[in-house]
Amino acid sequence: MSESISDVRERFSRVDVEHIPDFIKSIEGDSRKGVLNILRMAEKRYKAHIDELDRIASLSVYENECRRKGFKLIAGIDEVGRGPLAGPVVTAAVILKENCLIEGINDSKKLTAKKREELFDIIINEAVSYSFGIVTSDEIDSINILQATLKAMKQAIDGLGVKPDFVLADAVTIPDIDMPQQGIIKGDAKSLSIGAASIIAKVYRDRMMTEYSQIYPEYGFDENKGYGSKYHIEAIKKYGPCPIHRKSFLKNFV
């Protein structure tokens, strides 16, 4: 008896993307319109998968060049939170396995919050090692945001469970580290390791700001994450700054 169209659709909904070619072969001889529609969906889904693998491979150019030079443990590092009016600057360092293919990695700003959360768990489970660096708002006020960012980057590198032998950083040169490094402009969109670091740093900081919103609910940190939204600025004018505000960033508002 021929498999019903609803059964074919159900089978397609459960098939792993790697096994789609086998699924396609199993229904290619079926000329029913409903099955043909499922076939087109399967082909489209598999093409998207192959295109994504090609994109991910293109993001490994810098890592592959490092490996050709003999480096094996390559750390990508990125920061989040240079621009907000409140909260810490957070960095993440990530060492990925060679030939790592985590679909969806990109500049964290190009991803939805839901997608970042999904990738966070995948990245930290797949990573050889990962670490975070955190510099508070008080220290940002004391040493300025650039120096605070560089300090947080060094913290993240020093916190890795295994020492990298090369560092890929987003746009900056990190002082006082004893391994070779390369700064890549817009590296979070060009390097798989930096992109992974940008995602986990963003998720980590967003979670921190959501926790701060429970302590200081009037500023809406769960929504604005410390950035200067209209609601946030009005709250600062009404209530004044709280302990996690960057006083040096508030001169135009207070």
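User: Leaving aside its neighbours within four places in sequence, with which residues is valine 94 in contact?
Analyst: The model is predicted, and local features need pLDDT of at least 70, side-chain atom pairs count only at pLDDT 80 or more, and totals for chains, interfaces and linings use all residues. Residues are numbered from 1 along each chain as its sequence is written, and side-chain values use heavy atoms, with hydrogens and water left out. Contact means heavy atoms within 4.5 Å. With neighbours within four places in sequence left aside, valine 94 is in contact with Ile74, Ala75, Gly76, Ile123, Ala127, Ser129, Tyr130, Ser193, Ala196, Ala197 and Ile200.

User: How far apart are the end C-alpha atoms of helix α5?
Analyst: Helices (H or I, at least four residues) and strands (E, at least two) are DSSP runs, numbered from the N terminus. The expected span of a helix is 1.5 Å times one less than its number of residues, so the 14 residues of α5 (residues 113-126) should span 20 Å. The model agrees, since the end C-alpha atoms of α5 are apart by 20 Å.

User: What covers the buried residues of α5?
Analyst: The buried residues of α5 are Arg116, Leu119, Phe120, Ile123 and Ile124. Their cover includes β2 (89-95), β3 (129-135) and α8 (192-215).

User: How many residues of strand β1 are buried?
Analyst: Ile74, Gly76, Asp78 and Val80 point one way from β1, while Ala75, Ile77 and Glu79 point the other way, and all are buried. Strand β1 (residues 74-80) is therefore largely enclosed by the rest of the structure, the buried count being seven of the seven.

User: In β2, which residue is the bridge partner of glycine 76?
Analyst: Two strands pair if DSSP finds at least two bridges between them. Four bridges join β1 to the parallel strand β4 (residues 166-170), where the partner of glycine 76 is leucine 168. The pairing of β1 with β2 is antiparallel, over six bridges. In β2 the bridge partner of glycine 76 is valine 94.

User: Which are the edge strands of the open sheet?
Analyst: Five strands form this sheet in the order β3-β2-β1-β4-β5, with mixed pairing. Each edge strand pairs on one side only, and these strands are β3 and β5 (181-184).

User: Is lysine 202 buried or exposed?
Analyst: Lysine 202 is found in helix α8. Apart from its neighbours within four places in sequence, lysine 202 is in contact with Val80, Ser108 and Arg116. Its relative accessible area is 16%, so lysine 202 is buried.

How values were computed. Buried < 20%, exposed > 50% of the residue type's maximum accessible area, 1.4 Å probe, protein only.
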